[in-house]
Amino acid sequence: MNAVASLQRLRRLVVAVPYLWLALFFLAPFAVVLRMAFSQAATALPPYAPHWEGLAQLGDFLSQLDIANFSLLGDDPLYWQSYLYSLRIAALTTVFALAIGYPLAYAMASVPARCRGLLLVFVILPFWTSFLIRVYAWIGILRPEGLLDAVLAFLGFEGEPLRLLNTETAVLLGMVYSYLPFMVLPLFATLEKLDRGLLEAASDLGATPITAFLTVTLPLSLPGIFAGSALVFIPAVGEFVIPDLLGGPDTVMIGKVLWNEFFSNRDWPLASAVAVVLLFVLVLPLVLLQRARLSREIAA
């Protein structure tokens with residue numbers, strides 16, 4: 001009986017580890033940010049008030065809650081337009097990454113097993129270089145009379161230099177390039193496990209290659225599509241470096257707004273409100289993806 005009780009306690013401890021991790025590295029920081037979001041800016045260090053020190057002051061803190069920061073996010077077009085623009089850019093990045101990554105992952109999964117490791121290395125090879133250096137490389141490619149213009153001139157295309165840098169197109173190119181591996185890897189992991197016998201059976205039953213893909217391959221690869229889309233969409237919404245370096249004055253995403261409020265304006269309460277709303281904006285797609293996955297599993 002003692003051994004059984006010890007085993008049960010061990011199991012509870014193992015189950016409690018991820019919850020403890022979540023509490024320490026997500027819930028606790030979120031509580032701090034949420035507290036700042038309901039505070040007021042002040043000339044102090046840190047630059048917000050009121051301060052909450054211990055549970056004894058919890059009642060006073062709750063009685064002084066001020067939602068002015070959240071109200072400002074809806075009243076000022078800068079913030080809600082930045083949210084909408086970030087969602088649009090993230091959605092386009094996800095669509096383009098899926099359109100490029102799915103054929104690439106399918107081709108990788110279709111080659112002989114001895115070649116897959118090498119192709120996988122090529123996919124993750126950009127991670128061996130600094131993210132900032134890779135973004136700076138796109139500046140040299142897209143700037144007027146840069147590498148792209150030189151290649152076009154070499155191929156015989158004459159005309160005015162391309163004005164891609166500091167545009168939305170440059171931001172999309174940089175983001176799709178940067179996040180493409182996050183789409184390819186889960187898709188490859190899913191497609192690699194696909195039973196090719198199912199495709200042969202569909203062919204024997206008279207299905208064309210397109211029909212077999214739509215009825216067999218695509219449904220079975222949905223977990224990889226969901227995972228890859230989440231891995232691309234979520235960080236793309238809050239992206240700061242790529243729009244700041246490759247974009248222009250018209251490509252203001254919410255990550256840039258958040259940076260300005262924290263470090264330029266030093267309005268920590270307003271910045272915290274922006275971060276809290278951004279968190280809920282990111283959680284919503286996750287909930288929808290989870291519900292879609294569960295609905296698919298129930299239907300299956």
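Residues are numbered from 1 along each chain as its sequence is written, and side-chain values rest on heavy atoms, with hydrogens and water left out. Because the model is predicted, local features require pLDDT of at least 70 and side-chain atom pairs count only at pLDDT 80 or more, whereas totals for chains, interfaces and linings use all residues.

The protein has 14 helices and 2 strands, assigned as DSSP runs (helices H or I, at least four residues; strands E, at least two) and numbered from the N terminus. Its radius of gyration is 25 Å, well over the 19 Å that the globule rule gives for 300 residues, so the protein is more spread out than a compact globule; the radius is taken over C-alpha atoms, and the rule is 2.2 Å times the number of residues to the power 0.38. Along its principal axes, the C-alpha trace spans about 80 × 70 × 35 Å. Of the 300 residues, 31% count as buried, that is, under 20% relative accessible area with a 1.4 Å probe, protein chains only.

Thr251 lies in the loop between helix 12 (241-246) and helix 13 (254-264), and is itself buried, with a relative accessible area of 6%. Its side chain reaches the backbone nitrogen of Gly248 at 2.7 Å. When residues up to four places away in sequence are not counted, Thr251 touches Tyr85, Thr167, Glu168, Val171 and Pro243, contact meaning heavy atoms within 4.5 Å.

Note on methods
Buried means under 20% relative accessible area, exposed over 50%, partly exposed in between (1.4 Å probe, protein chains only). A polar contact is a pair of N or O atoms within 3.5 Å; within protein, one must be able to donate a hydrogen and the other to accept it, and residues adjacent in sequence count only if both atoms are side-chain atoms.
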